[in-house]
Amino acid sequence: MITKGIKQLCAEAEEQIETMTVEEVMAVQNDDDVVLVDIRDVRELWRDGTIPGAQHMPRGMLEFWVDPESPYHREIFTSGKKFIFYCAGGLRSALAAKAVHDMGLAPVAHMRGGYGAWVKAEGPTIEKEAKLPEKKAG
């Protein structure tokens, strides 16, 4: 039996991390000290597009990319910049921001309402070209 559901986990995450509105994110999206992080699955980006300049870092690899001791570590996470995470609707990004916050990454935030709210607010978007593996001849 589940003792803690997704609603409770997300509420707890939002108590501990900064939650930004779409308008607040739009105001800082071009700031050199801010990195927007799209944690959606790449198929979601191919289907729906993404925010210009956002870094795609799929949710499943995030902790591995943040940890400097991991063989998958990404240097961007030692830049000292502010990381604003978003997903499709704001749930996965709340959990992701809390997870990396708990790892010691700061400052972090997540965008309430996710990419869906961004599109609804007519924020700029770009298409993400699908890069599929080439089929081997044979």
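Visitor: Does histidine 73 count as buried or exposed?
Guide: This is a predicted model, in which local features need pLDDT of at least 70 and side-chain atom pairs count only at pLDDT 80 or more, while totals for chains, interfaces and linings use all residues. Residues are numbered from 1 along each chain as its sequence is written, and side-chain values use heavy atoms, with hydrogens and water left out. Buried means under 20% relative accessible area, exposed over 50% and partly exposed in between, with a 1.4 Å probe and protein chains only. Because its relative accessibility is 18%, histidine 73 counts as buried.

Visitor: Which backbone oxygen does the side chain of histidine 73 reach at 3.2 Å?
Guide: Histidine 73 sits in the loop between helix H4 (62–66) and E4; helices (H or I, at least four residues) and strands (E, at least two) are DSSP runs, numbered from the N terminus. A polar atom of its side chain lies 3.3 Å from the backbone oxygen of aspartate 67. At 3.2 Å, the side chain of histidine 73 reaches the backbone oxygen of tryptophan 65.

Visitor: What is the distance of arginine 74 from the ring centre of tryptophan 65?
Guide: A charge sits over a ring if NZ of Lys or CZ of Arg is within 6 Å of the ring centre and within 35 degrees of the ring normal. Arginine 74 lies over the face of tryptophan 65, and its distance from the ring centre is 3.7 Å.

Visitor: What is the angle between the planes of phenylalanine 64 and tyrosine 72?
Guide: A search of the whole structure finds 3 aromatic pairs, where rings of Phe, Tyr and Trp (its six-membered ring) pair if their centres lie within 6.5 Å; planes under 30 degrees apart count as stacked, over 60 as edge-to-face and the rest as tilted. Phenylalanine 64 and tyrosine 72 form an edge-to-face pair, 6.2 Å centre to centre, with the planes at 85°.

Visitor: Do the rings of tyrosine 86 and tyrosine 115 count as stacked or edge-to-face?
Guide: Their centres are 6.3 Å apart and their planes at 20°, so the pair is stacked. The pair links distant parts of the chain, 29 residues apart: tyrosine 86 in strand E4 (residues 82–86) and tyrosine 115 in helix H6 (residues 114–120). Both tyrosine 86 and tyrosine 115 are buried. The class of the pair is stacked.

Technical notes: A polar contact is a pair of N or O atoms within 3.5 Å; within protein, one must be able to donate a hydrogen and the other to accept it, and residues adjacent in sequence count only if both atoms are side-chain atoms.
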